[in-house]
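Take a look at the chain shown here. The notes after it go from pairs of side chains to the whole protein.

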Amino acid sequence: MKSLSRTSSRIKLIIGFVLILSAIIAIQVINFIGIQQMKKSQTMLIASFQTSQSLLSLRNEENRIRALALEMILTRSQEERDAHIMEISQRINFVDETIASIQKHLAADREQNEKFGEVMDLLKTFRSNREKQLIMINQGKTDQALDFALTVQNPLYESIQSKMSILEQILSEQNETIREQNEALITRIVSLLGILGSVIIIISLAFIIWTFRLLHNLSHEIKTGVNILGTSAAEILTTVNEVSTGATETATAVSETTTTIEEIRQTALLATQRAQAV
């Protein structure tokens, strides 16, 4: 029974340590996975935000270029027109960089990439028409250039703005979805960590209680053993005393027997002497 009890105690100790270690490992794994997921979501959120900012910048630059083209129609100074053309060229270079950045960010999303492709098709036509418009202005055909801007460029520009607004709305919804996913992920991680933490606390408390009970049982067994040893020692001492008393009584009896024998011997000797005297 004692051997079985010791074996059971060892198994309980091993199981307790394994459960606690498993819970700690699970917490670390959950933390690692959660951090990786949040990093991924954060990267997507930053990329989406940067794309939204780039779209806004593209919209502003195209608005400014369009305004410069209209100003060239109204101005009569060739010097001002040349300055406007230089500024338009600079802004076009910046627009090209912005477009490249947007395409890079949207490369992984097919739907958004297709939407931006539609914007680019319209934008290419718009920019090609703008070159024609600038040629008209430089040739002094301002009325024709103004009519071209109102009848051709304006509807095209509105279509570009409309499609860009749709794309921005998609990005905004994506940002909101990513934020909701992050919040749900954080909630799940906190819940799992709370559960595992509670499991560790419960196991630890059970382990401590079981250890105290084990120590109490061991202490009780030790006390019982000591009491048994004390009782045995007292019994042994009693037996020794009884043996000692018996030995004393035996010695007394032997002494009395010796005395009796001596008296008999003296009596026999006296009788012998008297017989010789007669």
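In this predicted model, Arg-179 and Glu-176 join their side chains in a salt bridge, with 2.9 Å from N to O. Both residues sit in helix H4, 3 residues apart, about one turn of the helix. Arg-179 has 38% relative accessibility, so it counts as partly exposed. Glu-176 is also partly exposed, at 37%.

How many salt bridges does a search of the whole structure find? It finds 10. Three of these pairs are set out below.

| Pair | N to O distance |
|---|---|
| Arg-179 and Glu-176 | 2.9 Å |
| Arg-130 and Glu-62 | 3.1 Å |
| Glu-114 and Arg-110 | 3.3 Å |

Glu-114 and Arg-110 both belong to helix H3 and lie 4 residues apart, about one turn of the helix. Glu-114 is partly exposed, at 46% relative accessibility. Arg-110 reaches 67%, over the 50% cut-off, so it counts as exposed.

Now take the salt bridge between Arg-130 and Glu-62. This pair links distant parts of the chain: Arg-130 is in helix H3, Glu-62 is in helix H1, and 68 residues separate them. Are these two residues buried or exposed? Arg-130 is buried, with a relative accessible area of 2%. Glu-62 is buried as well, at 3%. Both values fall under 20%, the cut-off for buried.

Salt bridges can also form a network. One network links Glu-61, Arg-64, Glu-71, Glu-87 and Arg-91.

Next, the overall layout. The protein has 4 helices and 0 strands. From the N terminus on, the order is α-α-α-α. Helix H1 covers residues 2–74, and helix H4 covers residues 142–277.

Helix H2 runs over residues 78–106, which is 29 residues. At 1.5 Å a residue it should span 42 Å, and its end C-alpha atoms are 41 Å apart, so the two values agree.

After H3 comes Gly-140, with a positive phi near 85°. Ile-135 lies in H3 and is partly exposed, at 48% relative accessibility. Ile-135 and Ala-145 are 10 residues apart in sequence, and their C-alpha atoms are 8.7 Å apart in space.

What is buried? In the protein, 25% of the 278 residues are. Those in H2 include Arg-81, His-84, Ile-102 and Leu-106. Thr-51, in helix H1, is buried too, with a relative accessible area of 1%. Beyond its neighbours within four places in sequence, Thr-51 is in contact with Ile-102, His-105, Leu-106 and Leu-171. Among contacts with a separation of 6 or more, 81% join residues 24 or more positions apart.

The protein exposes about 18,900 Å², and carbon and sulfur atoms supply 62% of that. One nonpolar surface patch of about 810 Å² has Ile-201, Leu-205, Phe-212 and Ile-222 among its residues. Ile-222 belongs to helix H4 and counts as exposed, at 56% relative accessibility.

How confident is the prediction? The average pLDDT is 77, and 79% of the residues score at least 70. Confidence is highest in H3, at a mean of 86, and lowest in H4, at 75.

Notes:
Residues numbered from 1 in each chain as written. Predicted model: local features only at pLDDT ≥ 70, side-chain atom pairs only at ≥ 80, totals over all residues. Heavy atoms only, no water. Helix = DSSP H or I, 4+ residues; strand = E, 2+ residues; numbered from the N terminus. Expected span 1.5 Å × (residues − 1). Buried < 20%, exposed > 50% of the residue type's maximum accessible area, 1.4 Å probe, protein only. Contact = heavy atoms within 4.5 Å. Areas by Shrake-Rupley, 256 points an atom, 1.4 Å probe, with all protein chains shown as cover. Patch = residues over 30% accessible without salt bridge, like charges linked within 9 Å, V, L, I, M, F, W, Y side chains within 5 Å. Salt bridge = Lys/Arg side-chain N within 4 Å of Asp/Glu carboxyl O. pLDDT = per-residue confidence, 0-100.
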